[in-house]
Amino acid sequence: MSWSKEEMASEVINMLSDGATLNLGIGMPTLVAELMPPTKNIMIQSENGVMGVGERPTAETVSPTLINAGKETITVNKGASFFDSALSFGMIRGGHIDYCILGGMEVDVAGNLANWMVPGQKITGMGGAMDLVNGAKQVIIMMSHFNKNGTSKLVYKCQLPLTGTSVVNIVITELGIFAPAVDKFRVLKLAQGITKESLGGDALYV
Amino acid sequence: MSKICRDAFEALAGIQSGMTLMSGGFGLCGIAENCIDALTMIDISNLTVISNNIGNSGRGLVKILVQKKIRKAICSYVGGNPDLEKQMFAKEIDVDLVPQGTFAERIRAGGMGIRGFYTPTGHGTVVAEGKDVKVFDRPCILETALTADFTIIKAQKGDPYGNLWFKETARNFSPLMAMAGKITIVEVEELVPLGAIPPEDVHLPGVFVQRIFQGKNYKNDIEFLKLKE
């Protein structure tokens, strides 16, 4: 059984040290904020200028000027702060953020990441991803294991334009948790019932 | 000379085709709604626009994008802006995609008198192509400052000197762009008297502001409303 997105988020949460500072990318990673237990004392930063992201607002507390990097409405916890984008990326580039969790299009065995464009088809832009992968102490990629055509997004060598080189520490998909290890991916954990063989291209994994 | 203007049209006096314009906001959060609406009615073209998203979801700067008033865009993110992506693929617009932290820092540098800086961001990617590389603890690329002829931003509160206070995450790029603009125009939800913003709470000192006006009819659009279940 592959993991649900919520189970993937829980697996990520289990990897984080208590009291750490975390930056979350757009899409699937925002689930991590929603499921974060308060007892973990994690401070969540969002690149648009907020430290201390909390749960979703209610219809009564929602504010159009309080959003995350995905332009979704949020709240803040006690101890939160707001700041401009240069300070926000100073935190990121300056090595003050413990973990960043981003989505991905391709990750390869050398820890290279591609997640911002498909030439001729799709351009999302890199946003803050290039700064994050170079600045955060640990880079965790949270993504589906296969793309829409059924091709593995964990690859020997990224073909898409890169976001960063040798930057990824951990990849989590619905099938398991993997770490780029020079010429293969080391399998750190598999979802229940998933075998290395069922990942497809098992030569890619140790 | 008073910095206070009557409205967006008076504040935008002197803007011309071919100029460089910075526009604050992250997505639609904190955008200068009145100035953007005025630009849709001003006969102008060939603008170089520096803004993180160039509007989004058909709103904000997309209003002047679809009028073909923008020749070149400098931004970090295209996702959520199908009109921009379409013009990029049709080669109707030049787009310079800049990593967001580099984007912010280039604007900050522009306002602070720094001509350039070295950053590890983008090394080993297409962003580094053609740029000077210098190895410190690791390879870094040279990025240069950005400035603008006009900057348009919005703040929650401002006083007649131009001291500003921003609400929540609406601050984003606005104070940086204010510093980097030759003529910085601020529209505010509340134009307050001098002294109404305590000095400790001034987010941007008014020295960076040339023109300010009380805005009106704010929509403050939410792009993705997510509520607690």
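## An exposed proline in chain B

P198(B) is exposed: 9 other C-beta atoms lie within 10 Å. The cut-off for exposed is 12 or fewer, so a count of 9 places P198(B) in that class. This is a predicted model.

P198(B) sits in a loop of chain B. That loop runs between β10 (181-191) and β11 (211-214). W165(B) lies 33 residues away from P198(B) along the chain. The C-alpha atoms of P198(B) and W165(B) are 9.8 Å apart.

## Where chain B touches chain A

The two chains meet through 46 residues of chain B and 40 residues of chain A. On the chain B side, the elements that give two or more residues are α4 (82-89), α5 (100-112) and α6 (174-180). Of these, α5(B) supplies the largest share, with six residues.

What classes of residue make up the side of chain B that touches chain A? It has 20 nonpolar, 16 polar and 10 charged residues.

## The crossing of α3(A) and α5(B)

Helix α3 of chain A, residues 85-93, meets α5(B). Their axes come within 9 Å. They cross at roughly 130 degrees. The crossing of α3(A) past α5(B) is left-handed.

Which residues take part in this contact? From α3(A) come S85(A), A86(A), F89(A), I92(A) and R93(A). From α5(B) come Q100(B), G101(B), A104(B), E105(B) and R108(B). By class, the residues of this contact are four nonpolar, three polar and three charged.

## A three-stranded sheet in chain B

Chain B holds an open sheet of three strands. The strand order is β5-β7-β6, and the pairing is antiparallel. Which strands form the edges? They are β5 (116-119) and β6 (133-135) of chain B, each pairing on one side only. From one strand to the next, the twist averages 35 degrees.

One pairing in the sheet joins β6(B) to β7(B), residues 139-144. The two strands run in the antiparallel sense and share three bridges. In β7(B), P139(B) stands opposite V135(B).

Methods. Residues numbered from 1 in each chain as written. Chains lettered and ligands numbered in written order. Predicted model: local features only at pLDDT ≥ 70, side-chain atom pairs only at ≥ 80, totals over all residues. Contact = placed C-beta atoms within 7 Å. Helix = DSSP H or I, 4+ residues; strand = E, 2+ residues; numbered from the N terminus. Nonpolar A, V, L, I, M, F, W, Y, C, P; charged D, E, K, R; others polar. Axes fitted to C-alpha atoms, helices over the stretch in contact; angles between N-to-C directions. Left-handed = near helix turned anticlockwise from the far one by under 90°. Buried ≥ 20, exposed ≤ 12 C-beta atoms within 10 Å, placed from the backbone. Pairing = 2+ DSSP bridges.
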